[in-house]
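These are my notebook entries on what I looked up in this structure.

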Amino acid sequence: MTADTLATLSDQLILATILLYLAAMVGYALELAYATRPVQVRELVASDGTTVTQETTATEPVAWAVRAGRYAVGLSWIGWAANLTATLTRGLAVERWPWGNMYEFVVAMILAAVTVYLFMQLRYPVRFLGAFVSVIAAVGLGFSVRVLYTQAGPVVPALDSYWVAIHVTAAIAASGLFTVGGVAAVLYLVRREGPSRLPALADLERVAHRVIVIGFPIWTFAVISGALWADKAWGRYWNWDPKEVWAFITWVAYAAYLHARATAGWKGKAALIVSLVAFGCLLFNLVGVNIFFGGLHSYADVK
Amino acid sequence: MTVTDQQDQKAAPKPVGLGVVGWLRWGWRTLTSMRTALILLFLFALASVPGSVFPQRAVDPGQVARYFADDRVKAEWLDRFWLFDVFRSPWFAAIYLLLFLSLIGCVLPRTLAHLKEIRRRPPAAPRNLLRLPHHAEFAADLDVAGAAAALRKRRFRVDTGPDWVAAEKGHLRETGNLVFHVSLLVLLLAVGAGSLYGYKGNVLVVEGDGFANTVAAYDRYSPGASVNAESLEPFSFRLTDFQATYIGPGHEKVGQPLTYSAKLSVLDAPGAPERTVDLRVNEPLDVNGTLTYLIGHGYAPVFRVTDGKGQVAYEGPVPCLTSNTSTYESECVIKVPDARPQQLAFLGRFLPSTLPVGEEWISVFPGAANPTVQIWPFSGDLGLDSGVPQSVYDLGAHKNLKPLGTMTEQPRPLAVGQSLDLPDGAGKIEFTGVKEWISLQTTYDPGRMPALLASIAAVIGLVLSLTVRRRRVWVRMKDGQVTVGGLSRTEGSNFTDEFAEIVASLNPRSGVPDDR
Ligand code: HEM
């Protein structure tokens, strides 16, 4: 296949991915709405301090709605495969790592977020996140196709480096994890105490914490490898360029979340609000900094 | 992280009439409490926000100058609060120093406590193991040595009594946490040392020209406070060739650069053997830790100017400033102080790939496919002896220059080899060729390596402090009856599965342990 066909294939696969994620979202939503009756949740505190949630359901779940949830997971996997293939074909078309501009970066970040969700739901009961992760994935891809799209092509010399593979890949992986953490945190804040279709607060808080604990060292590594790259490319490893400033702010904000969570009186809601502030900083760094501030990092090609 | 490690989070009690010492102690306790550290950390982040909103002198002085030109009063107010020098401002330094102190005050006592903790034996078994959150009981012929060996195999540190074994694991969590926080301190120190003992210099070199690493050779030189001019690494080089390639027509991003490559012949020291270096973006020239980076390039058309008396008054390349980076249309200023009877000066517009559009000429591509230059001549007094400093890229300051002949918006451009005869027999200017220039930045930063090592240590420490769990296990055996108790000291971690495995490894018959 020629580079052009590969590039076109990639573009078409992205559209297919959006449709698949939307279809999956409908399935998850049906399951949330009809298969999970508002449950009576009681949180029991075990003797070692861990909380155990005990759920009692009033009525039997509706069989077809449960099936809708299972189909949704299947659709998510197919969408994920399309997303992955789109990224791979883009990379083959341009003969470099397929995250050289903002369009490619957002596509990869969504791939990472969906990957985190899909692999998490293999091991933990987190299917309730599906609907929300799918919405974010579909909207994010739509946004990147409509607003950020850049024709497949080579990158400027500064980006033509193996550091892309190290630095940007780490940033993408961390962003994917933080996205799932952000979804869980929002659900936590939306869900009220008492019976709800949404899962127990303790479960949401655990999901958020788990992904952020994995994401934080990866983000730290991304920032450090960025400094190493800057040292190679620009002759200084840290110059308070807007992108660097916001990467740092994001890092501090997630560190503050970890500290807050370890501080008595800040657990739960307050800590998760801090994590959402941190997620906001992450998104601002991704979108806002490229659009508003410029600086050496603005290769993003936003028109 | 551990439930019992939280005494430092209690707010220090307020001193009641304790005098200076009391206040100092209260101040120190407050400063080094985790809450203060958190607030300082937030302030640190918040304080760097204006550094991304306003242009910074150290990063983009031109942009700062534009602020002053647009609204002088506002810019002066911003400047009063150091908003163009956020990262060198006293208030930023204050936060930085307080955080630094807070970290020291927090890390030192914790390190001492941890060193003691590491050397302590695992605490003796509580009387009733079945009261612990994790416990199991089974009948087996287990002896103390056997139980201790099984736990040691799982890398617990073990202490034994006549009929009990105490085991503990996971000190690495606190070790990692301390390594992380200490590394942050080292990182802050390394960054500080780098800016004190390092320097940065910028220079522009035209193809064919050379550069020797001395303070005088730089166009802009910014040393740290403790650098002296003799300590510069004595290397030199000549730029033999520069090549740039660009995306060709037919793509959305036509004209975007693809590769830059500058061929240098380098002498690492006077008298050293010459070596050839291919300088590229992301691949700096390294001479004993002093690094030289390729950071920009542009065109330097070559001119020969003959004055009114028939003498060649100027001959050579003139570096032009790139005014449009997607077409490399450039602006040139040529000053000819040696011209007689009157001094001459020229403004030029260099077009690397020229295309006529109606009565105008534009550049359509950054490569020099069809280079031309438009010339506007002036004559008069350049005022170079006036003592007022002048930019080589600007004619604006010369009040005593008069246009030669009629000035038009779009003079017919000269191709290579063509010349323009000046009116009134004032001479002529020939466009003889095209060279390119590169801009280089040289940096020496002795803090780079320590900063890198500290960052690596920080990541390792961080991973340990976030993943290692601290837990204790006790075993008692009496008359063939074994009781096992377990306690996780890391909040929120799941110890149930591991405890079950431990019990199974102790019980030769592997009865199903009843946990919780
Ligand atoms: C740049 C600044 C800092 C960063 C990024 C940072 C990061 C961290 C991280 C990631 C943890 C692990 C949290 C967890 O186990 O869940 C931690 C723990 C901790 N940090 Fe920091 N820290 C910073 C500054 C400070 C300072 C200045 C202090 C002390 C005054 C401090 C005191 C602590 C303490 C006491 C813990 C253990 C938490 C606990 O035992 O409850 N940190 N820090």
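I looked up the strand pairing in chain B and found an open sheet of four strands in the order β5-β7-β8-β9, paired antiparallel. Strands are DSSP runs (E, at least two residues; helices are H or I, at least four), numbered from the N terminus, and two strands pair if DSSP finds at least two bridges between them. I noted that β5 (210-212) and β9 (274-279) of chain B are the edge strands, each with a single partner, so one side of each has no neighbour in the sheet. Neighbouring strands are turned by 25° against each other on average, direction ignored; the axes are lines fitted to C-alpha atoms.

The model is predicted: local features need pLDDT of at least 70, and side-chain atom pairs count only at 80 or more, while totals for chains, interfaces and linings use all residues. Residues are numbered from 1 along each chain as written, chains are lettered from A and ligands numbered from 1 in the order written, and side-chain values use heavy atoms, without hydrogens and water.

I then followed β8 (residues 257-267) of chain B, which six bridges join to the antiparallel β9(B). Here L267(B) stands opposite E274(B).

Next I looked for cavities (sets of points on a 1 Å grid over the protein atoms alone where a 1.4 Å probe fits but cannot get out; lining residues have an atom within 4 Å of a point). I found three of 30 Å³ or more.

Note on methods:
1 Å grid on protein atoms, 1.4 Å probe; cavity = no way out; pocket = protein on both sides within 12 Å on 5 of 7 lines; lining within 4 Å. Points joined across faces, edges and corners; volume = space filled by probe spheres on them. Axes fitted to C-alpha atoms, helices over the stretch in contact; angles between N-to-C directions.
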